[in-house]
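Subject: The structure we talked about

Hi there,

Here is the structure I promised to pass on to you. Please open it beside this email, and then read on for what turned up in it.

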Amino acid sequence: MPQSLQITAAAPDPALLDLPWHIPLEEWPDDVLAALPRGISRHVVRFVRLSGRVIAVKEIGETVAYREYELLRALNRLGVPSVEPVGVITGRRAPDGERLEAVLVTKHLQFSLPYRALFSQTLQPDTITRLIDALAVLMVRLHLTGFYWGDVSLSNTLFRRDAETFAAYLVDAETGDLHERLSDGQRAYDLEVARVNIIGELMDLEAGELLESDTDTVAIGGALVERYTELWDTLTGAEQFETGERWRVAARIEQLNRLGFDVGELDITTDVDGTTVRIQPKVVDAGHHSRRLMRLTGLDVQENQARRLLNDLDAYRAATDRQGEDEEFVAHDWLTTVFEPAVRAVPRDMRGKLEPAQMFHELLDHRWYISSEQNRDVPMGEAVASYVENVLRSRPDEKAVLGIETGTLPRITGP
Amino acid sequence: MATVTYDHASRVYPGTERPAVDALNLHIEDGEFLVLVGPSGCGKSTSLRMLAGLEDVNSGRILIGDRDVTDVQPKDRDIAMVFQNYALYPHMSVADNMGFALKIAGTPKADIRKRVEEAAKILDLTEYLDRKPKALSGGQRQRVAMGRAIVRQPQVFLMDEPLSNLDAKLRVQTRTQIASLQRRLGVTTVYVTHDQTEALTMGDRIAVLKDGLLQQVGTPREMYDRPANVFVAGFIGSPAMNIGSFQVADGAAQLGQTRIPLERSVVGAIRPEDKGHITIGFRPESLDVVSQAQEGAIPVKVVLVEELGSDAFVYGELVGAGAAAREIHSGAGDAQVIVRVDPRQVPMKGDTIWVAIRPGERHVFSAANGQRIDV
């Protein structure tokens, strides 16, 4: 019986039709595969090349596939960092007529790193801490939008470099649910599942000798709970003060901005005799700095990269003595005379190593480093050349780090 | 081990009027396997999540044993959600995969080993304990995941549609495994499904919910033999029961030219709001093919015959029943009846057969409120 495929997708790529849907995913030929995933998954997953991109294809029950597709679309609409769904394909049949499982297709997140790949690189001592921080931020953001994950783990998360930190993305929404708002019980349970899963995953790395054996895995799991709770309380907690201390309203907003959040709605109540004020943020949105950079320059980058770029923009403004001018004009000039020339100066064949904003961040670090070494202000052009030669050349390509065996990922070697 | 009690437990989602779960009263015995079943949106998952501590209880209480857990954190309730996650860790042995949560909790090594060995014995995994999960089959990996929950020795297991993302073959296998494993362990289990076959085959008792209200709770046999209302009658059983609403005249229901005599007690139970009607239900397997001459024989015109080898089902229309024929519905849709027939004597499409409801296998319900009328 011939197969009659049904493709549900927002913007279907006709090239999808050329993939061998009549073959079980497990048996797909090597020439369409970009890589095999690592670890033991509940489902068969393959990374596939399609129209110059990489997509992830997961075989999964039809109803579950549609559900996860819709959930990922909703998360994308809400602006939560998550993989982008491409579509669901059903009606697959093998040539002998046997029905094949439906598939969910998602875009591979460029420049993202699975946590196992991060552990295979020369580990900076605080990498784990920074991964945990990123995951805590992601969980808080998900919970603020009413998303209950149900299966938080490092392997259901992808990480992107974000200046000196990481930004975390949700990959697997199969067990998730979107609610109007989450109960404390849901948040607590999600956090407990996360804690146990992370410790399990770290214990596994330990068993595979990919982690120093004296690492306190249980403490790292505990750190996630701590970081999450701290951030949640700062973002949503109520505070109370005397009417005379109204400056504390502005201070609270500033504090949240520093953490990278905008306050969309703030509840302010006064008691009956008007002596005390109680404030509580009701709607907070992540991305304070990245939104500001986007507005000024059109650059769409991670939160901490944006922070770094905005700092350089401020420095540029001071150096060119244009503080009195409209910020938009200065930003435009900074973009065309500083940022773009620097990124363009990187040879084409090395641009797949890092995202432009991440490259610029490292470039700023490098310029600072050689300037202090040579005791002079090294100009940007010179700094770019030095950075390309001494740092970037030896970096691995991170545009599409997939589920390759950790042992085969190129390691950073000295110049 | 413990009992579970829902005591007038309600959940109202913010911004909605109708409770998702409305004053649920349900007592689950120690060691019992209880299945919550119903169509989507009936409140079954919400009920389970209330017990897990994932949903707030807006009024009423929930008890595990004698302990009121209504306001207790999920992780302190001594329950285990099974199957939510069965990603296995490739570098760890099967034993470590099963016992790692105990290690996190600080359980002494000797205790962990003992509990893991006990669980492995029940799960037939003893010989694999020192291997890596890569060496296991799909079914064995799933049992390792079950082992994770077992070694924690919780008071209650909770399972929310655990089979929904398995393919049909593995679903039937795993269904049997879970049910027999639960009997061996004797741990109180609450299981949610939308699939009535799963409910009938697995549960000691079944609780049917609809629109947040408990419709009936009982053993699979009770639910099948004595459904409390029209909804349960139509929901439990496959193919579904034939159900129709008919005019009552001279102590009998009128199905077109056929008269179905009713017991005096049934006629006496008809109230003014029923407007002289009664709802009658009969399962496809409660019909016998009889001769036209038999009293109460119902003529059915064969539209389709479904042969399953061990069984055969006729999908047909009532003949000469006029408006009453359109009032009947079944698993096949409106104005259709389903009849189980002898697979070795199958009628042809277009034939008319006469069928009679087997004595004692007829269900009657109030036409107004759908409640069962006892004979």
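Let me begin with a sheet in chain B. Four strands form an open sheet in the order S2-S1-S4-S5, and their pairing is antiparallel. Strands here are DSSP runs of E with at least two residues, helices are runs of H or I with at least four residues, and both are numbered from the N terminus. Two strands count as paired if DSSP finds at least two bridges between them. At the edges of the sheet are strand S2 (21–28) and strand S5 (67–68) of chain B, each of which pairs on one side only. Strand S1 (residues 4–11) and strand S4 (residues 59–64) of chain B run antiparallel to each other and share five bridges. In that pair, Val4(B) sits opposite Ile64(B) of S4(B). As background, strands of a sheet pair through backbone hydrogen bonds, either parallel or antiparallel.

Before you go further, please note that this is a predicted model: local features need pLDDT of at least 70, side-chain atom pairs count only at pLDDT 80 or more, and totals for chains, interfaces and linings use all residues. Residues are numbered from 1 along each chain as its sequence is written, while chains are lettered from A and ligands numbered from 1 in the order in which they are written.

Now for chain B as a whole. It has 10 helices and 22 strands, and its C-alpha trace spans about 75 × 50 × 35 Å along its principal axes. Of its 375 residues, 43% count as buried. Buried means that 20 or more other C-beta atoms lie within 10 Å of a residue's own; exposed means 12 or fewer, partly exposed is in between, and the C-beta atoms are placed from the backbone.

Which residues have the most contacts inside the largest nonpolar core? They are Leu158(B) and Val190(B), in a core of 176 residues. Helix H3 (residues 127–144) of chain A gives the largest share of this core, 12 residues. A second, separate core has 21 residues, among them Leu296(A) and Phe339(A). A nonpolar core is a set of buried Ala, Val, Leu, Ile, Met, Phe, Trp, Tyr and Cys residues joined through C-beta atoms within 7 Å. Leaving aside neighbours within four places in sequence, Leu158(B) is in contact with residues including Leu48(B), Ile79(B) and Val190(B). Contact means that the C-beta atoms of two residues, placed from the backbone, lie within 7 Å.

Ser238(B) and Pro239(B) are joined by a cis peptide bond, with omega about -5°. Pro239(B) belongs to the loop between helix H8 (230–235) and strand S11 (242–249). Asp78(B), which is not a glycine, has a positive phi near 60°; it is partly exposed, with 16 other C-beta atoms within 10 Å. Asp124(B) also has a positive phi, of about 60°, and is exposed, with 11 other C-beta atoms within 10 Å. Look for Asp124(B) in the loop between helix H3 (109–122) and helix H4 (138–151) of chain B.

Finally, chain A. An unreviewed UniProt entry annotates residues 230–392 of chain A as "domain: DUF4032"; such annotations may be inferred rather than shown by experiment, and positions are given in the numbering used here, with feature names shortened. The end C-alpha atoms of residues 230–392 of chain A lie 36 Å apart.

Happy exploring!
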